[in-house]
Amino acid sequence: YGECFSSKLVNEALRQAGFNSTHVDAPSCIVTDANHGQANPLWDETNERLQDALIPLLDAGRIPVLGGYIASTKDGVPTTLGRGGSDFSAAIVAAAIGASRVEIWTDVDGVMTADPKLCPDARVIRKMNFDEAAELAQFGAKVLHPATLAPAMRENIPVYVLNSRRADAEGTEIMSRARNSRPIIAITAKRNVAVIEVQSADGINASFLDAVFAAFEKRSCPVDVLATSPSAVSLLAESGGSLIEEFLIDGSLMVEVAADLHHAADVRWENHQALVCLIGDNIRRKPEIASRVFGALTDLDARVICHGASDRTISFLVNDSKAAESVQRLHALLFPNPDLLPDWGGLPTAFCQAG
């Protein structure tokens, strides 16, 4: 209801200011599956409806105004796109109509090298490529959701992250071929996560992994694979939903998972961890970086170094109480020119802020 109301309000404000704007009902244009709260667009139908609704308006010199975040199924049942859904809506529309750029107006000067709440020396990244931005979003960044970038990447539409409170700030440009001179572009920290180790007496095979993921899926608990061995798999679960919060408080969710798997595995878990991640192009091909990182954190009990599926990430675990210190040390090591830091406006939120 908020999106419906605010989009109509913005349309009326534009009209009173002399702009030739027209309100367009977003749910009638953006069609999704029925995965309420995290709906996935049905691209062919969505593109067709957006083109039919918007291109005639644009050709006539009118400004379409749509609400973000909201959509509907083919049957007209309302759905929502989840966290970051308004930005995702913008990218969906841009891809459908062949826009020249997407602008995401937020409350920070752009994508940053770290969360200023954890690291006051964080600075704005002026240019980055889509893959780097997607990795940042995946590993705890808040301003852009990975889904936002997918339509823009597919159509090669640059995305700009800009500050609505400082409209003259340069912001960050995200494009397909941006190159950074530094091997590391940012450091993220995903806070309040839990590490689960599932040990199998019969070894790891496809049916075992199916059973493990089914036990978590049954409770709507998303997990990531951290590492595997011949007899065990380590998983990571992050806080965010009520079930995960329950898990982090008293472990009752894990008791249920362990009960489901007791015939096949022994389940152990550890709460209150943080996943610290370094992002940069071809970072995995530069072993000296991992050596320097762990040299800087030897006394913080950093563990479980984890190379991502891509060449752009290295991540490791520390106790959640050591997350801020870890990020600060690594930022000082990898971004050592504090006198050159730009003013980011003194604002408390940032792109590299874990959920």
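Predicted model: local features only at pLDDT ≥ 70, side-chain atom pairs only at ≥ 80, totals over all residues.

Me: How many residues apart along the chain are Pro 116 and Gln 328, and what distance separates their C-alpha atoms?
Reply: Pro 116 belongs to the loop between E5 and E6, and along the chain Gln 328 lies 212 residues apart from Pro 116.

Me: What share of the residues in the chain is buried?
Reply: The secondary structure of the chain comprises 10 helices and 14 strands. Among contacts between residues at least 6 apart in sequence, 74% join residues at least 24 apart. Of the 355 residues in the chain, the buried share is 48%.

Me: Are helices H2 and H3 roughly parallel or roughly perpendicular to each other?
Reply: Two packed helices are described by the angle between their axes and the distance between the axes. For H2 (residues 43-59) and H3 (residues 85-97), the axes come within 8 Å and cross at roughly 75 degrees. Angles of 65 to 115 degrees count as roughly perpendicular, and the two helices, H2 and H3, are therefore roughly perpendicular.

Me: How do the residues of the contact of H2 with H3 divide into nonpolar, polar and charged?
Reply: The axes of H2 and H3 come within 8 Å. On the H2 side the contact is made by Trp 43, Thr 46, Asn 47, Leu 50, Gln 51, Leu 54, Ile 55 and Leu 58, and on the H3 side by Phe 88, Ile 92, Val 93, Ala 96 and Ile 97. These residues divide into 10 nonpolar, 3 polar and no charged.

Me: Which residues does Ile 92 contact, leaving aside its neighbours within four places in sequence?
Reply: Ile 92 lies in helix H3, and it is buried because its relative accessible area is 0%. The C-alpha atoms of Ile 92 and Thr 46 are separated by 8.4 Å, although the two residues are 46 apart along the chain. With neighbours within four places in sequence set aside, the contacts of Ile 92 are Ile 30, Pro 41, Trp 43, Thr 46, Leu 50, Leu 81 and Pro 151.

Me: Does Ala 53 count as buried or partly exposed, and which residues does Ala 53 contact beyond four places in sequence?
Reply: Ala 53 is found in helix H2, and it counts as partly exposed because its relative accessibility is 25%. Its C-alpha atom is 9.0 Å from that of Pro 64, a residue 11 places apart in sequence. Leaving aside neighbours within four places in sequence, Ala 53 is in contact with Val 24 and Cys 29.

Me: Is Cys 29 buried or exposed?
Reply: The structure holds 0 disulfides, and Cys 4, at 31% relative accessibility, counts as partly exposed. Under 20% relative accessible area a residue is buried. Cys 29 has a relative accessibility of 3% and therefore counts as buried.

Me: Which residues does Thr 73 touch, not counting those up to four places away in sequence?
Reply: Thr 73 has its place in the loop between E3 and strand E4 (78-80), and at 10% relative accessibility Thr 73 counts as buried. Not counting residues up to four places away in sequence, Thr 73 touches Val 31, Thr 32, Asp 33, Ala 34 and Thr 79.

Me: What is the phi of Tyr 69?
Reply: Most residues other than glycine have a negative phi. Tyr 69 sits in the loop between strand E2 (63-65) and strand E3 (70-72), and is partly exposed, with a relative accessible area of 31%. Although Tyr 69 is not a glycine, its phi is positive, at about 80 degrees.

Me: What is the phi of His 272, and where is His 272 found?
Reply: His 272 is partly exposed, with a relative accessible area of 45%. Its phi is near 60 degrees, a positive value in a residue other than glycine. The place where His 272 is found is strand E12 (residues 265-279).

Me: Which residues of helix H4 are buried?
Reply: At the start of H4, a side-chain oxygen of Asn 129 reaches to within 3.2 Å of the backbone nitrogen of Asp 131. Within H4 (residues 130-138), the buried residues are Phe 130, Glu 132, Ala 133, Glu 135, Leu 136 and Ala 137.

Methods:
Residues numbered from 1 in each chain as written. Heavy atoms only, no water. Axes fitted to C-alpha atoms, helices over the stretch in contact; angles between N-to-C directions. Helix = DSSP H or I, 4+ residues; strand = E, 2+ residues; numbered from the N terminus. Parallel < 35°, antiparallel > 145°, perpendicular 65-115°, else oblique. Contact = heavy atoms within 4.5 Å. Nonpolar A, V, L, I, M, F, W, Y, C, P; charged D, E, K, R; others polar. Buried < 20%, exposed > 50% of the residue type's maximum accessible area, 1.4 Å probe, protein only. Polar contact = N/O pair within 3.5 Å; in protein donor to acceptor, adjacent residues only side chain to side chain. Disulfide = S-S within 2.5 Å.
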